[in-house]
Amino acid sequence: MLFQTPEFLVLMLVVLAGIGWLRTARRQHWLLLVASYVFYAWLDVRFLILLLISSTIDYAGALGIVGVRLSWAERARLCLFSIAASYFCLGLNWPAIQGPHGGFHLAEWLSDGSALREFFHPQWPFWRESLACCGGFALIWPLLFEAYFRLPESARRRAFLVTSMAANLGMLGFFKYYNFLADNLQALHVALPHMDLVLPAGISFYTFVTMSYGIDAYRGELEPERSFVRMALFVSYFPHLVAGPVIRPDQLLPTLHSPWRLEGRRLESGFHLALVGLFKKLLIADTIAPLVAVTLGDPQGQPSLVIWLGTVMFAVQIYCDFSGYTDIARGVSRMLGVELPLNF
């Protein structure tokens, strides 16, 4: 879901109304967590499983680093949650009810009598393998958690940290570099299965957010959350999720220990900041983009002055696009009561 869409306006109004109506922090956390997952899953539900797995690994890993031993009942709940989430994200045919540009078209889907049957038969490659990998992870990690606690303290701390880092960087590297590696290995006559991988939105941002959580726990700068909901909300908080700004645990987690309250001053200031961001994004960056494409798309034969002008416009486009998106994110979060850091 993009900030500049009508769907996001509806989501934001629901969240603001919920924050004002729900008076307990726990209920607000559930509302924000569900809203964040809807926000992320809007374009493609399948990539939501990566966010859930990353949150689960770093939740358990940070607790293991500081010596908090999850009970078998807690591990079983997280295991069942991971298996259910894997089937929800990977075992259902979500593209059947999604349009070509994302979003859900329920009315059109429900009008088709055969659509419900298609919904339970995914039509994308490697879905069985992906579901099996996620299910295997869900079954193995509780045993790995127990095995690490049999190690000496220093070795246990390193084991949890290395596992967390390897899992997060492994997922990031696979989606960013698998196709690049496969194409280059073909030149050496080494064949890897071809996968038309799409880079999940925001994977770099939330990967570094989750890694900072585990690293801060290892350094003793963070007391890990015992609540999985609060930790998962820190990772997936929708204003910063897709394109930042990247936040540290101490910038959001302390605000989750008491109910949020809407304030008129923050609502007004955040709304104005979001409008500034929309102006940069829509009226500057998106307006310049076609001119840049025409100028730099085929530079041969263009006068030097035109190429220089196109280069300057491209710099303005990139800056306003990223800066505008960050301003919208900061404005939206300010309306909710949380101040996100500057990226610039």
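Student: Leaving aside neighbours within four places in sequence, which residues is Met-313 in contact with?
Tutor: Met-313 is in contact with Ile-288, Leu-291, Val-292 and Thr-295, where contact means heavy atoms within 4.5 Å. This is a predicted model, in which local features need pLDDT of at least 70 and side-chain atom pairs count only at pLDDT 80 or more, while totals for chains, interfaces and linings use all residues. Residues are numbered from 1 along each chain as its sequence is written, and side-chain values use heavy atoms, with hydrogens and water left out.

Student: In which helix is Met-313?
Tutor: Met-313 is in helix H14, residues 304-336. Helices here are DSSP runs of H or I with at least four residues, numbered from the N terminus.

Student: Why does Met-313 count as buried?
Tutor: Met-313 counts as buried because its relative accessibility is 16%, and buried means under 20% relative accessible area with a 1.4 Å probe, protein chains only.

Student: How do H1 and H14 pack?
Tutor: Helix H1 (residues 6-21) packs with H14 at an angle of about 25 degrees, and their axes are 10 Å apart. The axes are lines fitted to C-alpha atoms over the stretch in contact, and angles run from 0 to 180 degrees between N-to-C directions. H1 is therefore roughly parallel to H14, a term for angles under 35 degrees.

Student: Which residues make that contact?
Tutor: From H1 there are Phe-8, Met-12, Val-15, Leu-16 and Ile-19, and from H14 Val-332, Met-335 and Leu-336. By class, the contact has eight nonpolar, no polar and no charged residues. Nonpolar covers Ala, Val, Leu, Ile, Met, Phe, Trp, Tyr, Cys and Pro; charged covers Asp, Glu, Lys and Arg; the others, Gly among them, are polar.

Student: Changing topic to H7: where does it bend?
Tutor: H7 bends by about 30 degrees at Ile-140, and Pro-142 follows within four residues. The bend is the angle between axes fitted to the seven residues ending at a residue and the seven starting there.

Student: Which helices do the buried residues of H7 pack against?
Tutor: They pack against H3 (48-65), H4 (72-90) and H8 (153-186). Among the buried residues of H7 are Trp-127, Gly-135 and Glu-146.

Student: At what angle do H3 and H7 pack?
Tutor: The angle is about 0 degrees, with the axes 12 Å apart, so H3 is roughly parallel to H7. Residues of H3 including Ile-49, Thr-56 and Gly-64 meet Cys-134, Phe-137, Trp-141 and Phe-145 in H7. This contact has eight nonpolar, two polar and no charged residues.

Notes:
Helix = DSSP H or I, 4+ residues; strand = E, 2+ residues; numbered from the N terminus. Buried < 20%, exposed > 50% of the residue type's maximum accessible area, 1.4 Å probe, protein only. Parallel < 35°, antiparallel > 145°, perpendicular 65-115°, else oblique.
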